[in-house]
Amino acid sequence: MKKSVIFGALTVAGLAAGAAAAGTLDDVKARGKLNCGVTTGLVGFAAPDANGKWDGFDVGVCRAVAAAVLGDPAAVEFVPTTGKTRFTALASGEIDMLARNTTWTFSRDVDLKFTFVGVNYYDGQGFMVPSELGVSSAKDLDGATVCIQTGTTTELNLADFFRANNISYEPVPIETNAEGQQQYLAGACDVYTTDASGLAATRATFEDPGAHVLLPEIISKEPLGPLVRHGDDNWGDVIRWTLNALITAEELGVSSANVGEMSSGTNNPEVNRLLGTEGNLGEMLGLSADWAKAAIMAGGNYGELFEKNIGENTPIGLARGLNAQWTDGGLIYSPPFR
Amino acid sequence: MTTLTDPPKESFRLSMLIYDSRYRSMTIQVVAMIFFMLVAAWLLNNAIINLNTLGKPISFKFLSNPAGYDINQRLLDYSSRDINLRAALIGLLNTLVVAVLGCITATIIGVIVGVLRLSSNWLVARIMTVYVEMFRNVPVLLWIILAWAILSESLPKIKSFRGENATSSMSLFDSVAITNRGIYIPEPLFSRSLGNIHLLGDSGLRFDISIDLIAIVVVLALSIFGMRKVTARANAVQEATGDRPTTWYIQLGILFVPMIALLVALGFHLGLPELKGFNFKGGTHLRNSLIALWLALSLYTAAFIAEIVRGGIMAISKGQSEAAAALGLRPNRTMSLVILPQALRVIIPPMISNYLNLTKNSSLAIAVGYFDLTGTLGGVTLNQTGRELECVLLLMLVYLVISLLISAVMNWYNKRVELVER
Ligand SMILES: N[C@@H](CCC(=O)N[C@@H](CS)C(=O)NCC(=O)O)C(=O)O
């Protein structure tokens, strides 16, 4: 009995390893669908709307890739993953890419063997508490009960922060954001901590968002971005340059509104290269010439995706801050298209 | 014996391995064994090669790296700087805590329900049937989650204990606080404690043994030994004279006086929980996750145990209870002196598998955020280090060892019960 179980596990490991081989671009094209791992539901980043259609900032990246590769932003199979299941899903080949508020860290890159293709949101870990507690700093949280999502960088940062400040806390581990929200609102924990963007998104769905404050401390760096498995650089390039295309498009003033007009030729050679009217960048990637145009048309350029899903005019109300273009003093910066 | 009657020695031919029924089964077994080992080696080799090409060769080094995360319920000292091995140990102890608590309560509830189900009182018997059918037929995971949801949604919030117009207050003379974060109960403290014995230095498996606890156990053992001696003497006197000396006050004295003296000497007192800052401080905190898991596992397993107990009792022939009644035993004494001891023989073997099930089901702890072995080694550690295969192999090994130990203990007990009967 014991033996058969162990061998079962070994077979699975053997098969899983086999599935992680190269050729993802061809697989996706043959399948006609992109399997994209997203959150189980974080409004603004990735959540199904009332009609069951996935929408959000991370979803926008999936759709842009699907448009670039398959010419159809709807050709995506969204796979909800939790903080714990996401890496197994990617490593085993169940998903082709992961776009799920995932922090780029050394060990995830080097040890877990994932390639982060870029950063689509520069974030940091924050704390949310009910205003009635009257807490104004995270350093006043000694003895508090804190809800944290397991399998995240959040739980590690939290342990480090409380330890460094020599204060104690009681962790309540949870699996998904929805569960965290329920526990926090039920008063089973005093504090909810995760990426500040996630807190803003979670608070926006509360009945009375005004009754909860985000504390001023940001205790970590959380560069969030899409990732793929190691070992298929070609596929990594496709995702990396699709994200860069969205960023460059904003920088160069190409938007979903004017991309049609601009793709008939402009006098800016970089725009022309981006949109495929000059050179053969698409071909080099193994895609059609108008791949970037399709990606931009899917949901707009980086700035449009930001404003539409999480920007200041949405309930989530995030300012661009670090996520402004480098030309506006932010960190969003794409290497040149040449 | 005599060389004369020996048949002529037949020489051994290779074909006899197949055609001679004396060797055939042996041959088949050997061949099957070789085949099995080959397949196993192939699978193992395949997995190792694949993991190597992935750049993740099997390695258990992660066990000695810092875990980095905190654990809320810890029976030994632990901080986020401790190594993954220690986090696994803390998890293992948490697994054992629910398993032991669960097995005890499941047995108590199961026996009571099983006996009551045979009650001649129609209503009681029916209620017990409903209980058994309800718990047996719904997956235990749902019971765990239901218990947890009820606890965290319906019990008073911490904030309702706070301030001038608090709407909730502590129970039992302000010694117990029932909140939606768990139940805080008084904890035993010793103001003149004898300290601890520290074992295994600063390794990941280090632990302390309280000398106070050892003292209590020793005194208790001595008292029980003394009480036995008194009983034996009383028996001897009764044999000799026919009169049994009254010993109950001596027995109680032997049990309580040394214990009370010890507790006073150690400065025993209760630490009461009190609301300080965000939470209740002091006392022992029984977290919702533990209570939910414990409750659900006990009630669920008790339903099965009840059936086993009922079956065991019904297996004892009616003549036994009639004979007991004829001897003048009252029904409850018939049950405890005649029926149950015999029923135990039938009950114990299936009971083992229920204890095993309860222990293995405790790995569902993850659903309510209880840090058991699956939550630490198979949860956070697995996730943060990405060592799936290693963690799962270790997990299986540990559960296997726990299960084998439970089986061994129960089998030993089973043997004892059998011997007593025969
Ligand atoms: N960035 C951190 C945390 C990521 C994380 O779990 N974020 C939460 C809240 S921002 C989330 O996306 N939850 C959605 C879900 O539960 O599916 C990491 O990569 O470990």
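**Interfaces between chains A and B and within chain A**

In this predicted model, Asp160(A) and Arg81(B) form a salt bridge, with 3.6 Å between their closest N and O atoms. Five salt bridges are counted between chain B and chain A. Polar contacts across this interface link 18 residue pairs, both residues being at pLDDT 80 or more. On chain B, the elements that each supply at least two residues to the side touching chain A are α2 (21-53), α5 (140-154), β8 (279-281), β9 (284-287), α11 (373-385) and α12 (388-421). The most comes from α2(B), which gives six residues. By type, this side of chain B comprises 18 nonpolar, 16 polar and 12 charged residues.

Contact between the chains involves 46 residues of chain B and 49 residues of chain A. Together the two chains bury about 3900 Å², with 59% of it on carbon and sulfur atoms. Phe278(B), Asn383(B) and Gln384(B) account for 17% of the area that chain B buries against chain A, more than any other three residues.

Chain A itself is divided into domain 1 (2-122 + 224-328) and domain 2 (125-220). Their C-alpha centres are 28 Å apart. Here 19 residues of domain 1 are in contact with 16 residues of domain 2. The buried area is about 1200 Å², and carbon and sulfur atoms give 60% of it. On the domain 1 side, Leu42(A), Lys84(A) and Ile316(A) lose the most area, together 31% of what that side buries.

One salt bridge is found across this domain interface. Lys84(A) forms a salt bridge with Glu175(A), the closest N and O atoms lying 3.4 Å apart. Two residue pairs are in polar contact between the domains. The domain 1 side holds eight nonpolar, seven polar and four charged residues.

Note on methods: Residues are numbered from 1 along each chain as its sequence is written. Chains are lettered from A and ligands numbered from 1 in the order in which they are written. This is a predicted model: local features need pLDDT of at least 70, side-chain atom pairs count only at pLDDT 80 or more; totals for chains, interfaces and linings use all residues. Side-chain values use heavy atoms; hydrogens and water are left out. Contact means heavy atoms within 4.5 Å. Buried area is the accessible area (1.4 Å probe) that two parts lose on being put together, summed over both. A salt bridge is a side-chain nitrogen of Lys or Arg within 4 Å of a carboxyl oxygen of Asp or Glu. A polar contact is a pair of N or O atoms within 3.5 Å; within protein, one must be able to donate a hydrogen and the other to accept it, and residues adjacent in sequence count only if both atoms are side-chain atoms. Helices (H or I, at least four residues) and strands (E, at least two) are DSSP runs, numbered from the N terminus. Ala, Val, Leu, Ile, Met, Phe, Trp, Tyr, Cys and Pro count as nonpolar, Asp, Glu, Lys and Arg as charged, and the others, Gly among them, as polar. Domain bounds come from an automatic or database domain assignment.
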